[in-house]
Amino acid sequence: MNREHSYAVTVRWTGNRGVGTTGYREYDRSHEIQAASRPVIEGSADPSFRGDASRYNPEDLLVASLSACHMLSYLHLCAVAGIVVTAYVDDAVGTMSEQGVDGGRFVDVVLRPTVTIESGDPLIAIALHEKAHHVCFIANSVNFPVRCEPSVRTVT
């Protein structure tokens, strides 16, 4: 059975310094992202593009989306397989390549999750990362490689 899901967000530019976009240096890249009644995410551009480094940029959020989707898929698979995960930390890194005036694109993302398990086979825990990658909605939606370099620790 196919099902469709809809995700509505509002992105509001807050960077008008009073003169709009009269020049490339005349406006802030500040914006707010909100979905339903959830907290606002303060966004900007990457500092390389005149953005505010104290705010999330779209590139951060793309990498975070891939990491979070993988994690949620993985935790589900572990629960089904009887592997008890007690901690999960991913130090994910995305690489974007600029292509002159024609913009740029992500060329890859590497997920590096460190998973702590209380019970279950560590080899299965590692193998489930591959399956999680294939069922992750976000990874299935991008046109660049998403690699996973997992490690598993056991609690004794």
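What radius of gyration does the protein have, and what value would a compact globule of 156 residues have? The radius of gyration of the protein is 19 Å, whereas a compact globule of 156 residues would have one near 15 Å. This radius is taken over C-alpha atoms, and the globule rule is 2.2 Å times the number of residues to the power 0.38. The model is predicted, so that local features need a pLDDT of at least 70 and side-chain atom pairs count only at pLDDT 80 or more, while totals for chains, interfaces and linings use all residues. Residues are numbered from 1 along each chain as its sequence is written, and side-chain values use heavy atoms, with hydrogens and water left out.

Along the principal axes, the C-alpha trace of the protein spans about 60 × 35 × 35 Å. The protein contains nine strands and two helices, which are DSSP runs numbered from the N terminus (helices: H or I, at least four residues; strands: E, at least two). Read from the N terminus, the order of elements is β-β-β-α-β-β-β-β-α-β-β. Contact means heavy atoms within 4.5 Å. Of the contacts with a separation of 6 or more, 55% are between residues 24 or more positions apart.

The accessible surface of the protein comes to about 10,300 Å², and carbon and sulfur atoms account for 52% of this area. Accessible areas come from the Shrake-Rupley method with a 1.4 Å probe, and for residues only the protein chains shown count as cover. Of the 156 residues, 28% are buried; a residue is termed buried under 20% relative accessible area, exposed over 50%, and partly exposed in between (1.4 Å probe, protein chains only). Charged side chains comprise 13 positive and 18 negative ones, and the centres of the two sets lie 3 Å apart. Lys and Arg count as positive and Asp and Glu as negative, whereas His and the chain ends are not counted. The place of a charge is taken as NZ of Lys, CZ of Arg, CG of Asp or CD of Glu.

Three aromatic pairs are present in the structure. Rings of Phe, Tyr and Trp (its six-membered ring) pair if their centres lie within 6.5 Å; planes under 30 degrees apart count as stacked, over 60 as edge-to-face and the rest as tilted. One of the pairs is edge-to-face, because the planes of Trp13 and Tyr27 stand at 80°, with the ring centres 6.2 Å apart. This pair links distant parts of the chain, 14 residues apart: Trp13 belongs to strand E1 (residues 10-13), and Tyr27 to the loop between E1 and strand E2 (31-34). Trp13 has 41% relative accessibility and therefore counts as partly exposed. Phe106 and Phe144 form a stacked pair, with 5.6 Å from centre to centre and 25° between the planes. Here the partners are 38 residues apart, with Phe106 in strand E6 (residues 104-111) and Phe144 in the loop between helix H2 (122-135) and strand E8 (146-148). Both Phe106 and Phe144 are buried.

Ala36 is placed in the loop between E2 and strand E3 (41-43), and its 68% relative accessibility makes it exposed. Arg50 lies in the loop between E3 and helix H1 (58-81) and, at 34% relative accessibility, is partly exposed.

Ser73 is part of helix H1. With 13% relative accessibility, Ser73 counts as buried. Apart from its neighbours within four places in sequence, Ser73 is in contact with Ala132, Val135 and Cys136.
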